[in-house]
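Please keep the sequence and the 3D view at hand while reading.

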Amino acid sequence: MKSIRIGTRNSALALWQAREVARHLQNRNYLTEIVPIISSGDKNLNQPLYSLGITGVFTRDLDVALLNDEIDIAVHSLKDVPTQLPQNIEMIAYLERDFPQDVLIRKESARNKEFHELKLATSSLRRRAFWLKNYPHAEFSDIRGNIQTRLQKLQDGDFDATILSLAGIKRMKMDIDYEMLPLMIPAASQGVIAVAGHSDKPEINEVLRQINHKKTQICVEIERNFLSTLEGGCTAPIGAYAEIIENQIRFKAALCSLDGKNCIATDENFEYNETENFGKKFAKIVLENGGKELMTEIKNSY
């Protein structure tokens, strides 16, 4: 087989993720070549994602490259990938999830402030809503960019702290202080690197299946089915997290209003089987308990 062309965004974190996929393939004696591509989401760092009105802002350019045979596979941070994929593109492999959590990073001048006193920089509607649920008088600023850019903006900006994905900090081996945030439910499939392939390339897709982590696949499919049924994208105030504990799955999820005052949550333990769509099942329960009206309210506010 010829060298496998791995498409990726060109940020330091995205390139790390692509190299991680390459490492898994090289360990199985496959040749690889990394092809960086600038995504639409990386070209505009000033507007919050929810205001761009674009689905798949970080993945669309990689989809186009995949469909035009400029690359053989595309590596994504799965939480950025829409639940509805373009025709002929399939999600083939998931690497083992490492760090799904959100963490708080403070600037030194805010070291001794209580949570309710912090002015936060985050453009994530999910993070804002979950924070407001606990600290309803909180103030926010928008912030965009890669991890390094956000940390620099934290030092330069008129705010006290920001919230980042722990996965990015760990993968970049950044030596910074952070605080865990149990009040946050991660975005669906946060902390998971996924690989998309073209349906017309079965030979390469079969290679990709060799690096798939089945337990991670089970969990993220539950989370993404939950998100899809609610018709929420990666920018919606929805958290969803599944984990396998011994022989059971624990699934926690919540849909919140933008101001955090109205949250519909679910916390379930169950035995998994492949025939039942658990994500869809739990999302329907949320929709029947006020979630439908809440989703309409959220969509009308964009």
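How many bridges join strand 1 to strand 3, and do these strands run parallel or antiparallel? In this predicted model, strand 1 (residues 4-8) and strand 3 run parallel and are joined by 2 bridges.

- Strand 3 covers residues 73-77, and because 5 of its 5 residues are buried, the strand is largely enclosed by the rest of the structure.
- Ile73, Val75 and Ser77 point one way from the strand, while Ala74 and His76 point the other way, and all are buried.

**Helix 10**

- Helix 10 runs through residues 278-301, and its end C-alpha atoms are only 29 Å apart, whereas a straight helix of 24 residues would span 34 Å at 1.5 Å a residue.
- A kink of about 80 degrees is found in helix 10, and it is centred on Gly290.
- At the N-terminal end, helix 10 is capped by Asn277, which has a side-chain oxygen 3.5 Å from the backbone nitrogen of Gly279.
- The buried residues of helix 10 include Phe278, Phe282, Val286, Leu294 and Ile298, and among the elements that cover its buried residues are helix 9 (214-230) and strand 12 (248-256).

Definitions and conventions: Residues numbered from 1 in each chain as written. Predicted model: local features only at pLDDT ≥ 70, side-chain atom pairs only at ≥ 80, totals over all residues. Heavy atoms only, no water. Helix = DSSP H or I, 4+ residues; strand = E, 2+ residues; numbered from the N terminus. Expected span 1.5 Å × (residues − 1). Bend = angle between axes of the 7 residues up to and from the residue. Buried < 20%, exposed > 50% of the residue type's maximum accessible area, 1.4 Å probe, protein only. Contact = heavy atoms within 4.5 Å. Polar contact = N/O pair within 3.5 Å; in protein donor to acceptor, adjacent residues only side chain to side chain. Pairing = 2+ DSSP bridges.
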